[in-house]
Amino acid sequence: MDLGIRGRRALVTAASKGLGRGCALALATAGVDLVLNARGAAALAATADEARAQGVGVTAVAADITDPAGRAQVLAAAGEVDILVTNAGGPPPGLWSDWSRDDFIRALDASMLTPIALMQACLPGMMARGWGRVVNITSQSVRAPIPQLGLSNAARAGLTGFVAGTARQVAQHGVTINNLLPGIHATDRAAALDASAAAAEGISPAEAQARRAASIPARRYGTAEEFGAACAFLCSVHAGFIVGQNILLDGGATNLTL
Ligand code: NAP
């Protein structure tokens, strides 16, 4: 399917690895010029090269997207974008009783206030030009809480509320905002969570992964390529009537009727 976005310009944050990288490469395949960001320069440069191999223009900005100065650097390099994919590393696991105010502020900064600041920067230009697409990478924890990820449960709920209201204000200008909610995908983050589960249970990381995969109706982890393809579709001309939605990509793991 031609996604109809060849020649558009996208900013994808936290895009050197994992799900952000999957989104960036899927957009590159669709002919979208990219501004990519991550903190580590080496992996970012490798992903930028892979995207360039699709024949699109790529600017890479190594910076911490959750830091105001880093974000300003990324936004300055991005200029006017038609597509914004927001992403950052997820908050660490822990126990509800242990988190301090500072822990919550850090999680809110990274998983709620950073994507909101990026939208506030990019939406006015999209609205003025009458076309835009925003996809926020959140988590299945928005639909069903993950006990040890309470910081994520809380911060992402805040972002979800902001998007629900804002998406319905900007849609009249041809701009859509939607959230993609990953369940378990085979990325570095999932490997780290498996390693910590393995340590806690006294089993190998491979065993922890096999147990987790067995709990998913699809009996496997998702891939960054599948995730990226869904993201690219939401950014396409065909998705203009999808507004303010929270779309689970979880192999059926979240046990819901609706
Ligand atoms: P990942 O494989 O660890 O990749 C994270 C990417 O984000 C890397 O490119 C990393 O590069 C970059 N990054 C992290 N913090 C950053 C920052 N402050 N500024 C700029 N770039 C940053 O993670 P992932 O699995 O793709 O997860 C992406 C998001 O989806 C996370 O929020 C995660 O919580 C959520 N999620 C993932 C899963 C899953 O199963 N994978 C499930 C539910 C939710 P640098 O480290 O070099 O900056």
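**Notebook: helix packing and selected residues**

I started with asparagine 153, which sits in helix 5 (residues 150–170). The model I am reading is a predicted one. Asparagine 153 has a relative accessible area of 17%. The cut-off for buried is under 20%, so I logged asparagine 153 as buried. I then listed its contacts, leaving aside neighbours within four places in sequence: they are Ser141, Pro145 and Ile146.

**Entry: helix 4 and helix 5**

I stayed with helix 5 and looked up its packing with helix 4, which covers residues 101–129. The two axes are 8 Å apart, at an angle of about 15°. Angles under 35 degrees count as roughly parallel, and helix 4 and helix 5 are therefore put in that class. I noted the handedness of their crossing as right-handed.

Next I went through the residues that make this contact. From helix 4 I wrote down Asp103, Phe104, Ala107, Leu108, Ser111, Met112, Pro115, Ile116, Met119, Leu123 and Met127. From helix 5 the list is Leu151, Ala155, Arg156, Gly158, Leu159, Phe162, Val163, Thr166 and Val170. Sorted by class, the contact of helix 4 with helix 5 holds 15 nonpolar, 3 polar and 2 charged residues.

**Entry: helix 1 and helix 8**

On the helix 1 side, the residues in contact are Gly18, Leu19, Gly22, Cys23, Ala26 and Leu27. On the helix 8 side they meet Ala224, Phe227, Gly228, Ala229, Cys231 and Ala232. I counted by class here as well: the contact of helix 1 with helix 8 has 9 nonpolar and 3 polar residues, and no charged ones.

**Entry: two residues with positive phi**

I checked alanine 14, in the loop between strand 1 (9–12) and helix 1. Its phi is near 50°, a positive value in a residue other than glycine. Is alanine 14 buried or exposed? With a relative accessible area of 19%, alanine 14 is buried.

I found arginine 219 in the loop between helix 7 (205–214) and helix 8. At 55% relative accessibility, arginine 219 counts as exposed.

**Entry: proline 217**

I stayed in the loop between helix 7 and helix 8, where proline 217 is also found. What does proline 217 touch, not counting residues up to four places away in sequence? I listed Gly251, Gly252 and Ala253. Proline 217 and glycine 251 are 34 residues apart in sequence, and their C-alpha atoms are 6.1 Å apart in space.

**Entry: the whole chain**

Last, I noted the overall figures. The protein has 8 helices and 7 strands. The C-alpha trace spans about 55 × 40 × 40 Å along its principal axes. Buried residues make up 46% of the 258. Of the contacts between residues at least 6 apart in sequence, 72% join residues at least 24 apart.

Methods:
Residues are numbered from 1 along each chain as its sequence is written. This is a predicted model: local features need pLDDT of at least 70, side-chain atom pairs count only at pLDDT 80 or more; totals for chains, interfaces and linings use all residues. Side-chain values use heavy atoms; hydrogens and water are left out. Contact means heavy atoms within 4.5 Å. Helices (H or I, at least four residues) and strands (E, at least two) are DSSP runs, numbered from the N terminus. Ala, Val, Leu, Ile, Met, Phe, Trp, Tyr, Cys and Pro count as nonpolar, Asp, Glu, Lys and Arg as charged, and the others, Gly among them, as polar. Buried means under 20% relative accessible area, exposed over 50%, partly exposed in between (1.4 Å probe, protein chains only). Axes are lines fitted to C-alpha atoms, for helices over the stretch in contact, and angles run from 0 to 180 degrees between N-to-C directions. Angles under 35 degrees count as roughly parallel, over 145 as roughly antiparallel, 65 to 115 as roughly perpendicular and the rest as oblique. A crossing is left-handed if the near helix is turned anticlockwise from the far one by less than a right angle, and right-handed if clockwise.
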